[in-house]
Amino acid sequence: MFSRQSKQIFPAWVRYALLPALALSMFSVATAADYPQPGDLAKGSMLWAENCGRCHQVRNPQDLRDDQWITTAFPMSIRAGLTGGETRDILTFLQASNAVIPTAAVTVTSVTVATDAPVQSGKEIYTQTCVACHGADGKGALPGAPDFALASGPLAKSDDALTQSILYGYQSPGSPMPMPAKGGNPSLDESGVAAVLKYLRDTFSH
Amino acid sequence: MTKTSKKLRLGFLALAAGLLLPGIVLADAEYDALQAQVRDLAAQLEAVQRTLAQIEQKQEEIPGTQETAIAALKQDIADASEWRTPNSLIHLAGYTDVGYINPENGDGSFAVGSFSPIFHFQYRDIVMLESELEIELSPDGETELTLEYLAIDYFLNDYVTVVAGSFLSPIGQFRQNLHPSWINKLASAPPGFGHDGAAPTSDLGLQLRGAFPLGEMRSNYSVYVSNGPELNAVFEDDEFELEGIAAEAFGADADGEKVVGGRFAILPMAGLEIGVSAVTGKATVTGLEDEDTGEVTEIEGAIARDYDVVGADFSWMWKNLNVRGEYVRSKVGEALTGTTASEGATWKSWYTQAAWRIPATKIEAVVRYTDFDSPHSSEDQQQWALGLNYLITNSFIVKGTYELNDGIAGSRADNDRLMLQLAYGF
């Protein structure tokens with residue numbers, strides 16, 4: 001790698017510092033056709049909740065556009081000690097959660113909560129989409145997230161009101177950050193909302 | 001048939017005719033009106049058909065109208081996509097703070113902390129230039145501009161990033177992660193963790209850093225080689241004495257001696273991080289500080305001394321509670337010869353901090369204890385800092401901090417302070 005002459009030019013520490021870097025570069029990942037590659041939204045929401053708040057108040061996903069989140073997530077991955085995969089997961093969650101869905105044009109007038117809806121699917125949705133902020137016990141895992149178990153908590157509201165909040169986002173009183181529309185999961189539809197709502201009532205209501 | 005019955009029949013017929021005739025006449029009038037209405041509608045329909053035919057004819061006369069509209073729409077979509085995913089991204093971030101400081105022994109004063117723009121230039125997921133400037137207003141009104149860091153980050157793979165240039169010191173947590181005013185939960189840095197304290201602030205060199213899973217745990221690391229710090233001495237009582245460590249990035253290596261260092265941390269569970277740090281190398285006295293004015297002049301002929309730093313840190317987040325702590329010790333060895341020969345010196349500091357966000361409010365209570373030991377007894381300081389913050393948004397914060405400082409009586413380290421601060425991260 002180094003000729004006799006280069007050994008004279010570069011001190012020993014340079015050689016030792018560069019060798020591992022060159023070795024590591026052999027395993028570098030080829031650039032994808034587009035960037036960054038999509039990550040796992042559910043993992044991303046968990047990683048976002050677990051890591052960003054260790055140093056600072058978690059930012060509202062709607063604070064930045066998709067491209068601004070890219071230039072924010074990459075340097076943050078260096079500061080926070082995240083792998084590339086973890087960074088892509090968080091980025092996928094943030095980019096999915098920053099869309100502002102107008103509520104003025106659409107109003108949910110009535111939603112029927114299916115009494116025989118599969119509990120597991122509601123639980124799955126909660127575990128994948130909601131648990132990062134609301135916690136497995138529903139008491140709130142992040143500052144500002146409300147306590148579902150409180151009698152005066154969010155579950156005191158009607159199904160229609162809660163469905164509106166889930167579909168279009170909601171900011172709890174005292175919280176500086178709103179819940180993103182559909183909890184940041186764009187694939188969540190009204191039947192999924194109904195299922196997760198039934199799970200919330202079955203699991204956390206008094 | 002009798003005459004009477006004939007009369008009755010005639011009378012009946014006359015009555016019937018009298019009743020029916022007006023109805024027949026009325027029916028004829030309605031029929032005429034309906035006929036007229038149908039004629040009008042037929043005329044209107046013809047007019048509409050003519051207009052439609054004219055429109056169709058006009059559309060046919062302009063070839064490719066629909067195709068043109070579709071092409072324009074496609075172009076609009078393509079333009080929008082260009083904006084969403086160009087290869088090069090530019091982003092301006094940063095933070096700033098302003099406030100009011102009222103020391104126990106002294107006059108209160110409004111103050112501008114700093115304006116710190118951060119520039120991000122990124123090419124795909126391959127490389128990023130990140131740089132932070134620090135613009136401050138000095139007490140005499142001068143504007144001071146400092147390059148806080150300027151580094152090129154080469155994202156080698158998912159586990160390794162090469163950071164080349166000047167970078168925030170990865171030793172511990174405060175400097176690299178917590179010092180921006182919108183992140184720091186109190187209005188001041190813990191003693192020993194600011195500039196010229198026990199902890200290094202920045203370095204200029206080459207750094208490898210990243211993260212990898214460690215079984216069920218996660219871990220992260222950084223290793224670097226850099227120009228290292230420079231030392232200041234003071235001539236006091238007919239002998240030289242080490243005054244301080246200028247542990248920040250220098251554009252040239254005055255003594256040609258490099259330092260190597262790094263940090264390794266594990267996250268055994270969600271929300272908990274435990275790290276250890278170390279630096280070793282050589283550092284040389286390059287500045288002589290005037291005892292009275294504090295001005296530093298260059299000095300030559302000093303020999304390189306041993307320079308070693310060790311540190312440990314942790315942070316733990318659980319719901320609304322955030323607890324962290326950090327220890328750092330910087331030790332400079334003795335120099336028996338050279339122009340500034342003197343004994344060695346050690347700076348060390350540790351702090352622990354708890355912040356609790358009151359549920360369902362935007363209020364946060366903070367308490368921090370720091371113990372800073374310096375070779376100069378006038379700098380030794382124990383500090384309780386109490387804070388109450390109001391989060392207008394998650395990056396726009398009103399902070400109230402009261403420092404209870406305990407040092408040598410009459411020294412700056414003994415002066416309690418009230419600080420009010422508005423911090424905004426963008």
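Ser277(B) is found in strand E11 (residues 272-283) of chain B, strands here being DSSP runs of at least two residues, numbered from the N terminus. The model is predicted, so that local features need pLDDT of at least 70 and side-chain atom pairs count only at pLDDT 80 or more, while totals for chains, interfaces and linings use all residues. Residues are numbered from 1 along each chain as its sequence is written, chains are lettered from A and ligands numbered from 1 in the order in which they are written, and side-chain values use heavy atoms, with hydrogens and water left out.

Ser277(B) counts as buried because its relative accessibility is 6%, the limit for buried being under 20% relative accessible area with a 1.4 Å probe and protein chains only. Leaving aside residues up to four places away in sequence, Ser277(B) touches Pro170(B), Ile171(B), Gly172(B), Gly262(B), Arg263(B), Val309(B), Val310(B), Gly311(B) and Asp313(B), where contact means heavy atoms within 4.5 Å.

Asp416(B) is placed in the loop between strand E19 (396-406) and strand E20 (417-425) of chain B. Asp416(B) is buried but has no salt bridge, and the nearest side chain of opposite charge, Arg417(B), is 8.5 Å away; a salt bridge would need a side-chain nitrogen of Lys or Arg within 4 Å of a carboxyl oxygen of Asp or Glu. Among the residues that Asp416(B) touches are Asn102(B), Pro103(B), Glu104(B) and Tyr402(B).

Polar atoms of both side chains lie at these distances from backbone nitrogens:

| Side chain | Backbone nitrogen | Distance |
|---|---|---|
| Ser277(B) | Gly172(B) | 3.1 Å |
| Asp416(B) | Asn405(B) | 2.7 Å |

Elsewhere in chain B, four strands form an open sheet of mixed pairing in the order E9-E8-E12-E13, two strands being paired if DSSP finds at least two bridges between them. E9 and strand E13 (296-298) of chain B stand at the edges, each with a single partner strand, so one side of each is left without a neighbour in the sheet. Neighbouring strands of this sheet are turned by 40 degrees against each other on average, direction ignored.

Strand E8 (residues 230-236) and strand E9 (residues 239-246) of chain B pair in the antiparallel sense over seven bridges, with Asn232(B) opposite Gly244(B) in E9(B). These two strands, E8(B) and E9(B), form a hairpin with two residues between them, and Asp237(B) in the turn has a positive phi of about 50 degrees. With strand E12 (residues 285-289) of chain B, E8(B) pairs in the parallel sense over four bridges, and Val285(B) in E12(B) is the bridge partner of Leu231(B).

Methods
Buried means under 20% relative accessible area, exposed over 50%, partly exposed in between (1.4 Å probe, protein chains only). Lys and Arg count as positive and Asp and Glu as negative; His and the chain ends are not counted. A polar contact is a pair of N or O atoms within 3.5 Å; within protein, one must be able to donate a hydrogen and the other to accept it, and residues adjacent in sequence count only if both atoms are side-chain atoms. Axes are lines fitted to C-alpha atoms, for helices over the stretch in contact, and angles run from 0 to 180 degrees between N-to-C directions.
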